[in-house]
Amino acid sequence: MPVIAAKRTLRSHPSSPPRKSPRRCKAATANSSPSVNKFGTDENQADPEAVKPKWNPKGLQVNKFGTDENQADPEAVKPKWNPKDGEQMKAVKLALHLSTAPCSVVCREEEQNVVLEFCKGCVEHKKAGSLYICGCPGTGKSLSMEKVKEQLLNWAKEAGLPLPDVLSVSCTTLANTSDIFTKMLGLNQKQGKKVSASPLQQLQNMYSQKSSIKNMTLIVADELDYLITKDRAVLHELFMLTTFPFSRCILIGVANAIDLADRFLPRLTSLNCKPVVVNFQAYSKDQLLKILEERLKELPYTVFQQPALELCARKVAAATGDMRNALSICWSAIEMLEAEIRESACNLSNSLEEISFSKQNLPTAPDFLKKREFDTVRTDHMARALSKTYRSPVVDTIQSLPHHQQIILCSSMNHFRGAKKDTILGELYKSYAGICRSSLIPPAGILEFSNMCRVLSDQGLIKVGQSREDKLRRVSPKVNEGDITFALQGIRFFQNCLK
């Protein structure tokens, strides 16, 4: 009791400062000292619960409108296409057609820049020159030259220089190899003037003396290797035109032979007119994928599953790196989808007829037919298209094998991955039996397994050695792992085994 009285005396003591009301505390100035509550925090501070953002269990950044800031723009997400729509199918096939030139030539910017700078230097200094573009088929050589011609004319126009005359010749269309000189002369020869000299001699005379012609002439000779004759005279004379003192010729030859300049033009080296060589390497997997995506980007809908495009790019890059093959395979995959749609429509019609004939009261199609959608080109479509293009006897043999022999090949592929090149038949049997049990399939006995391995050995797929006991026989692979994967990847049973 005495303690309580003392506390009451202190609170009501006249010398203690008067208590401030909450309203006066809020109106306190910035220089006033903060009032501290019993928890040691400032009473004037805003409520921390009011300042904290609300917890978002999904970890999304929510803006003031209550939507996710990281969410993709719905306009950027393309809808799936309708392959049953004739107009959409026509647009897709047109985008993938070989004759359709893309808006931009990607993955060849460096090569285009080298050729363009060479042409710019010739036009700016009014100096003749020759350049040779080589590379494997389907690596963008001709397409890049079309882009370079367009860029060169735009540059000359902006720089205020005379626009060069451009002549594009496909040497495969020439009846005679010397006709290329006639086409070159047609750019500079005046109409009505008859001369007895040959077109080559007229060009040589024209480039040997000053003339009133001020414009440079850009000549792009595609498929240049068609000009190779027994004496190679046409090819030599063509490049020699760039060495004349008043020549206005910028010659660019395009061909698939990489060493054409070294094999067929040794004389030009001694005459100091060997052309500059630009090599177009085969496309890599990433480059093929980027080019395919660039072509499909113009479409307002998604046509291919991404794994399907990656499979196509990977297989073509490993085989040839030819972009034309990749486009042809994509076209074939679309036809696979079309065939599947027709087959499904036929099956649906037959099912409805059976239901109607049996007088069952089912007004609509079965659920498994209704749920199946055909809106994208899947990986299995692409695998079949690739198999049609790159089919080999080994792949055909593997695909025609009985199921258990295919399992043996799959288990051998998994067993021989890495540095291991051979094993005994007993160890391979354990791997085979493991795949069978994981798939709820009864494995064959060891004797039957040994006989199946002999059959695979006779077909040249594996090699089985000699031993007194079957389990101790040495087994080694004789086919590439990629052939086994390619042959079995379209079968659902092996999809998990091949990973």
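## Exercises on a predicted model

Leaving aside residues up to four places away in sequence, S168 touches K149 and V220. The structure you are working with is a predicted model. Let's start with this residue.

**Exercise 1.** Find the element that holds S168, and decide whether S168 is buried, partly exposed or exposed.

*Solution.* 
- Step 1: Locate the residue. S168 sits in strand β2.
- Step 2: Read its relative accessibility, which is 41%.
- Step 3: Compare with the cut-offs. Buried means under 20%, exposed means over 50%, and partly exposed lies in between. At 41%, S168 therefore counts as partly exposed.
- Step 4: Look across the chain. S168 and L218 are 50 residues apart along the chain, and their C-alpha atoms are separated by 8.3 Å.

**Exercise 2.** Work out the strand order of the open sheet, and say which strands stand at its edges.

*Solution.* 
- Step 1: List the strands. The open sheet has 5 strands in the order β2-β3-β4-β1-β5, with parallel pairing.
- Step 2: Find the edges. β2 (165–170) and β5 (276–280) each have a single partner strand, so one side of each is left without a neighbour in the sheet.
- Step 3: Recall what holds strands together. Strands of a sheet pair through backbone hydrogen bonds, either parallel or antiparallel.
- Step 4: Zoom in on one pair. β3 (residues 217–222) and β4 pair in the parallel sense over 6 bridges. T217, for instance, has C249 in β4 as its bridge partner.

**Exercise 3.** Describe the largest pocket by its volume, its central residues and the classes of its lining.

*Solution.* 
- Step 1: Give the volume, about 650 Å³.
- Step 2: Go to the centre. The lining has 27 residues, and the closest to the pocket's centre are G138, G140, S142, L143 and R324.
- Step 3: Name the elements. At least two lining residues each come from α6 (141–159), β4 (249–255), α12 (285–296) and α14 (323–357).
- Step 4: Sort by class. The lining holds 13 nonpolar, 8 polar and 6 charged residues.

**Exercise 4.** Why do E111 and P275 count as buried?

*Solution.* 
- Step 1: Recall that buried means under 20% relative accessible area.
- Step 2: E111 has 14% relative accessibility, so E111 counts as buried.
- Step 3: P275 has a relative accessible area of 5%, so P275 is buried too.
- Step 4: E111 lies in helix α5 (residues 109–125), while P275 lies in the loop between α11 (266–270) and β5.
- Step 5: Check the surroundings. Not counting residues up to four places away in sequence, E111 touches V278, N279 and F280. P275 and T242 are 33 residues apart along the chain, with C-alpha atoms separated by 9.7 Å.

Conventions: Residues are numbered from 1 along each chain as its sequence is written. This is a predicted model: local features need pLDDT of at least 70, side-chain atom pairs count only at pLDDT 80 or more; totals for chains, interfaces and linings use all residues. Side-chain values use heavy atoms; hydrogens and water are left out. On a 1 Å grid over the protein atoms alone, a cavity is a set of points where a 1.4 Å probe fits but cannot get out, and a pocket is an open set with protein on both sides within 12 Å along at least five of seven lines; lining residues have an atom within 4 Å of a point. Grid points are joined across faces, edges and corners, and a volume is the space filled by probe spheres set on the points. Helices (H or I, at least four residues) and strands (E, at least two) are DSSP runs, numbered from the N terminus. Ala, Val, Leu, Ile, Met, Phe, Trp, Tyr, Cys and Pro count as nonpolar, Asp, Glu, Lys and Arg as charged, and the others, Gly among them, as polar. Buried means under 20% relative accessible area, exposed over 50%, partly exposed in between (1.4 Å probe, protein chains only). Contact means heavy atoms within 4.5 Å. Two strands pair if DSSP finds at least two bridges between them.
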